Amino acid sequence: MVGEISGVTKTEVLRAIRSRYREASRKDKSRMLDEFVALIGCHRKHAVRLLWQDDKLTARSVPKGQRIYDEAVREALTVVWEASDRICGKRLKAALPSMVESLERHGHLDLDPGVRRRLFSASAATIDRLLRPIREQAGSRRKRKQKRKMAGRIPVRTFSDWKEPEPGYLEIDLVAHCGGTVTGSYISSLVVTDVCSGWTEAIPLLAREQSLVVTGLEAVSRIFPVPIRGINSDNDSVFINETLLNYCEERGIEFTRSRAYRKNDQAWIEQRNGSVVRRFVGHERYSGPMAGQTMAHLYGAMRLYVNHFQPSFQLLERTRDGGSVKKRYGTPATPCDRLLWRDDVSEELKAMLRDSRVELDPVSLLHTMREAQSALATINATDSANVPQSESLERFLISLPELWRQGEARPTHAPKKSKRRGQRTRPDPFEGVWCEILDWLQQHPDAKAAELLDRLMARYPNRYSRRQLRTLQRRVRQWRIVVAKQLVYASAEQSDVKEADLGDITP
């Protein structure tokens, strides 16, 4: 019925019966209202409002299609919104008078009186409606990191899912040498253990960084006696990321994770963290390249001593009887012995393991470990500025001024295609003072780039300014990465030559 009568006809009918409706009795009003609703096709309450409305309010006060808040108001509102740092509509409504007055006083706005009046009359909801397309086009002012649900892409493996794995399925974890507080920089040990044999490796890392974890795993793969088939980690962000996931996918390594807050899912590596790493390194705080190099020297002897001469128990059966749990362990054996007992390990690999163990001297290895432990204790008790330099560290520091020129390729970024890659396009501002910076870094490895730049500005007042802080920050970060990688590879190079070749043999 709504479509059978035009808008003009509705207005004429409304004017014709409006006066009669107001003067009619209650019964007649009900009858007239029924007829009007049936004719117009509107709701009964709306019809009552129309019949009681004044004639002068029936016509539209503003022509159809004309916007009260036109583009001039939107443009002025956009300027005020940007000047107020993109606050919400309710806060912007309260700030409009003072903001507009200040902007006009400083010459940023010159509003027409009509635009000014309509701008101040806009409500908070109208302000949000006018700014909605501008907000959508501008996007968020703060660039937030996208939360990638990496954990959903990595399958979960619990302690009951291991069954009897083959050699090469590893559990990995980080042991923090922070001394009980995580503030500041400190060394972390990347610990790797084979679930089948208990073979354990440890690599010191100067920073908790995912690319260094991959570099440490590369070093472990070269000295590990069997090829790596799988990796199981906890839910630490240094493991659950694209870098490690891509590393495993490229090499065909099965990557799994444990359940959150369930340390028993990684019982093998947790036991090794205490019985191996904490036993020989302790719970003190260590930081800096000097402590990292000493720890790498300790791990180089420790891996041979523990894996060849330290028997350990393995749980065979676990039964529960009421409230008591009974555990049955197998015969204690070293990780090397367990690999020699396996039928799925090649005879060539077994022969190399036997020859390697014959050449090792446990007393000499233990003595080397004790010396490294004494050096760690000395570093922990002595200020880093008073620690004497070792010859190997001095040789490495001499080569550092040229190492940074080679650059560092981050694994998460594809290399840029350039014909002149590696060549500087601007003069190096630190070319003549880089040796001084290295001396400062060697004395205080944890010094920030801003502190180094302040010292340079004090020594060379007319040569350096705060504009070179970003360049120095990149240079110091590259130096720390080079030092960290050198320590990682140094721990692998200290192992026996024959041990280093074991990772290339496929059983």
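Predicted model: local features only at pLDDT ≥ 70, side-chain atom pairs only at ≥ 80, totals over all residues.
Close-up 1. Ala124, Thr126, Ile127, Leu130 and Leu131 of H7 are buried. Helix H4 (71-83) and helix H5 (89-105) are among the elements that cover the buried residues of H7. Residues three or four places apart in an α-helix point the same way, because there are 3.6 residues a turn.

**Close-up 2. The kink in helix H7.** H7 spans residues 124-138, 15 residues in total. From first to last C-alpha the helix reaches 20 Å, close to the 21 Å expected at 1.5 Å a residue. A kink of about 45 degrees is found at Leu131, shortly before the proline Pro133. Leu131 is also one of the buried residues of H7.

**Close-up 3. The hairpin of strands S6 and S7.** Strand S6 (residues 315-321) and strand S7 (residues 324-329) run antiparallel and are joined by six bridges. Arg320 stands opposite Val325 in S7. Two residues lie between the strands, and Gly322 in the turn has a positive phi of about 70 degrees.

**Close-up 4. The salt bridge between Arg86 and Glu82.** The closest N and O atoms of Arg86 and Glu82 are 3.2 Å apart. Arg86 is partly exposed, at a relative accessible area of 27%. Glu82 is likewise partly exposed, with a value of 37%. The whole structure contains 23 salt bridges.

**Close-up 5. The salt bridge between Arg229 and Glu166.** The side chains of Arg229 and Glu166 meet at an N to O distance of 3.7 Å. This pair links distant parts of the chain, 63 residues apart. Arg229 sits in the loop between helix H8 (210-223) and strand S4 (230-233), and Glu166 in the loop between H7 and strand S1 (169-177). Arg229 counts as partly exposed at 27% relative accessibility, and Glu166 counts as partly exposed at 38%.

**Close-up 6. The salt bridge between Glu436 and Arg459.** The closest N and O atoms of Glu436 and Arg459 are 2.8 Å apart. Glu436 belongs to helix H16 (residues 434-443) and Arg459 to helix H17 (residues 449-459), so the pair ties together parts that are 23 residues apart in sequence. Arg459 is partly exposed, with a relative accessible area of 46%.

Close-up 7. The disulfide count for the model is zero.

Note on methods. Residues numbered from 1 in each chain as written. Heavy atoms only, no water. Disulfide = S-S within 2.5 Å. Helix = DSSP H or I, 4+ residues; strand = E, 2+ residues; numbered from the N terminus. Expected span 1.5 Å × (residues − 1). Bend = angle between axes of the 7 residues up to and from the residue. Buried < 20%, exposed > 50% of the residue type's maximum accessible area, 1.4 Å probe, protein only. Contact = heavy atoms within 4.5 Å. Pairing = 2+ DSSP bridges. Salt bridge = Lys/Arg side-chain N within 4 Å of Asp/Glu carboxyl O.
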